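Student: I would like to learn how to read a structure one feature at a time. Could we go through one together?

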Amino acid sequence: MSQFGRPNEFYASGASAETSYNFDMPEFGQELNFQSFDNTQPSVPPNYDAAYSNAPNQGLGGFYDPTAYTDNSYAPDQTFKQGGAAGGAAGNEFEDEPPLLEELGINPNHIFQKTLAVLNPFRGTEQQILQDTDMAGPLVFCLTLGGILLLSGKVTFSYIYGIGVMGCIFFYCLLSLMVTRSQVTFGAVASVLGYCLLPMVLLSGINILITIQGTLGLIVSGISILWCAISASKLFATAFSMDHQQLLIAYPCAVLYGGFALITIY
C-alpha cells in the first residue's frame with residue numbers, strides 16, 4: 001500500500017490531461033505529511049471604532065451614549081413624549097365626539113317623553129321634543145303591531161305600511177293648510193302619528209288573549225281609537241301651536257286609527 005499525502009501522488013502532474021487522486025489509506029504508524037501554505041497577506045484586525053466614531057449615539061469606546069444626541073427630534077425620550085402627546089390628543093378627540101345614538105338621530109330621552117305623552121294625553125310636553133323628527137319609536141311600534149298580529153295568524157305588514165304612509169301624507173297636507181304660526185315638517189307629522197299608534201299595539205295584544213269581535217271588542221276598540229285620537233290631536237296642537245283647533249284635528253285622527261282598529265279586529 002502506497003503512502004498517502006505525497007505531492008506527486010495526491011495532485012496530478014501539469015503535463016497530464018486527466019486528474020487522478022489517490023484515496024488509499026495509510027498504514028498505521030506512519031507519519032502523515034500535510035502541505036503548508038504561506039500566508040503572504042498581513043493580518044490586520046478591523047477597526048470598528050473608526051466606523052462608528054461619527055455616529056451620534058456612540059460615546060467613548062464605541063458604547064451607547066444617550067446624551068450624544070444633538071437633534072431633539074431623534075432622541076428616544078423626545079420621541080416617546082411626542083407619541084404620548086399624539087395619543088393624548090387622539091384620546092381627547094374621541095372623548096369629545098357625541099354618542100353613537102345621537103349621531104344616528106336617536107334620542108332615548110325624547111322617545112321616553114313622547115311615549116309618556118301618548119300614554120297620558122293630559123300630560124304636558126315640550127314643543128321642541130314634539131317637533132323632533134324621531135322615527136325610531138314609530139318604526140318599533142309599527143313592527144311590534146305587525147308582529148303581534150302575525151302571532152294571531154294575520155299578515156298585515158303591507159296594510160300597516162300602506163295606511164301609515166297615506167295617513168302621513170294626508171295629515172301633512174291638512175296641517176300645512178291649518179297651521180299658520182309654525183312650519184310643518186313631514187318628519188314631525190310621521191313621528192307623532194307613529195307614536196300615537198301605541199294604544200293599537202295594546203289592543204292587538206289583548207286580541208291574542210281574548211276575542212274582541214263581540215260587544216266587548218267593540219267597546220275596547222272604541223276606547224283605543226278615542227285614546228289615539230286624543231293623544232295625536234293634543235300632540236299636534238302642542239307641536240304646531242294650534243290654539244283652539246284640537247277638536248278639528250281629532251276627527252281625522254279618529255278616522256285614521258279606526259282603520260288600524262279594523263285591521264286588528266278582523
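Student: Is P138 buried or exposed?

Tutor: Keep in mind that this is a predicted model. A residue counts as buried when its relative accessible area is under 20%. P138 has a value of 4%, so P138 is buried.

Student: Where is P138 found?

Tutor: P138 belongs to helix α7, which covers residues 136-151.

Student: Which residues is P138 in contact with, leaving aside its neighbours within four places in sequence?

Tutor: Those residues are A190, S191, G194 and Y195. Take Y195 as an example: P138 and Y195 are 57 residues apart along the chain, yet 5.3 Å separates their C-alpha atoms.

Student: How should I read a pocket?

Tutor: Start from the general idea. Rolling a probe the size of a water molecule over the atoms shows where empty space is left. In this model, the largest pocket has a volume of about 450 Å³.

Student: Which elements give two or more residues to the lining of the largest pocket?

Tutor: They are α7, α8 (157-178), α9 (186-195) and α12. Of these, α8 gives the most, with seven residues. The lining has 20 residues in total, and C142, I160, Y161, G164 and V165 lie nearest the centre of the pocket.

Student: What is the lining of the largest pocket like by class?

Tutor: It has 18 nonpolar residues, two polar ones and no charged ones.

Student: Now the helices. At what angle do α5 and α11 pack?

Tutor: Helix α5 (residues 108-119) and helix α11 (residues 215-239) pack at about 130°, and their axes are 8 Å apart. The two helices are therefore oblique to each other.

Student: Which residues of α5 and α11 meet?

Tutor: On the α5 side they are A117, V118 and L119, and on the α11 side W227, S231 and L235. By class, the residues of this contact are five nonpolar, one polar and no charged.

Student: What about backbone angles?

Tutor: Again the general idea comes before the case. Most residues other than glycine have a negative phi, and most peptide bonds are trans. Here S241 has a positive phi, near 55°. H244 also has a positive value, near 60°.

Student: Where are S241 and H244 placed?

Tutor: S241 is in the loop between α11 and α12 (246-265), and H244 is in the loop between α11 and α12 as well.

Student: How do S241 and H244 count by relative accessibility?

Tutor: S241 has 25% relative accessibility, so S241 counts as partly exposed. H244 has 84%, so H244 counts as exposed.

Definitions and conventions:
Residues numbered from 1 in each chain as written. Predicted model: local features only at pLDDT ≥ 70, side-chain atom pairs only at ≥ 80, totals over all residues. Heavy atoms only, no water. Axes fitted to C-alpha atoms, helices over the stretch in contact; angles between N-to-C directions. Helix = DSSP H or I, 4+ residues; strand = E, 2+ residues; numbered from the N terminus. Parallel < 35°, antiparallel > 145°, perpendicular 65-115°, else oblique. Contact = heavy atoms within 4.5 Å. Nonpolar A, V, L, I, M, F, W, Y, C, P; charged D, E, K, R; others polar. Buried < 20%, exposed > 50% of the residue type's maximum accessible area, 1.4 Å probe, protein only. 1 Å grid on protein atoms, 1.4 Å probe; cavity = no way out; pocket = protein on both sides within 12 Å on 5 of 7 lines; lining within 4 Å. Points joined across faces, edges and corners; volume = space filled by probe spheres on them.
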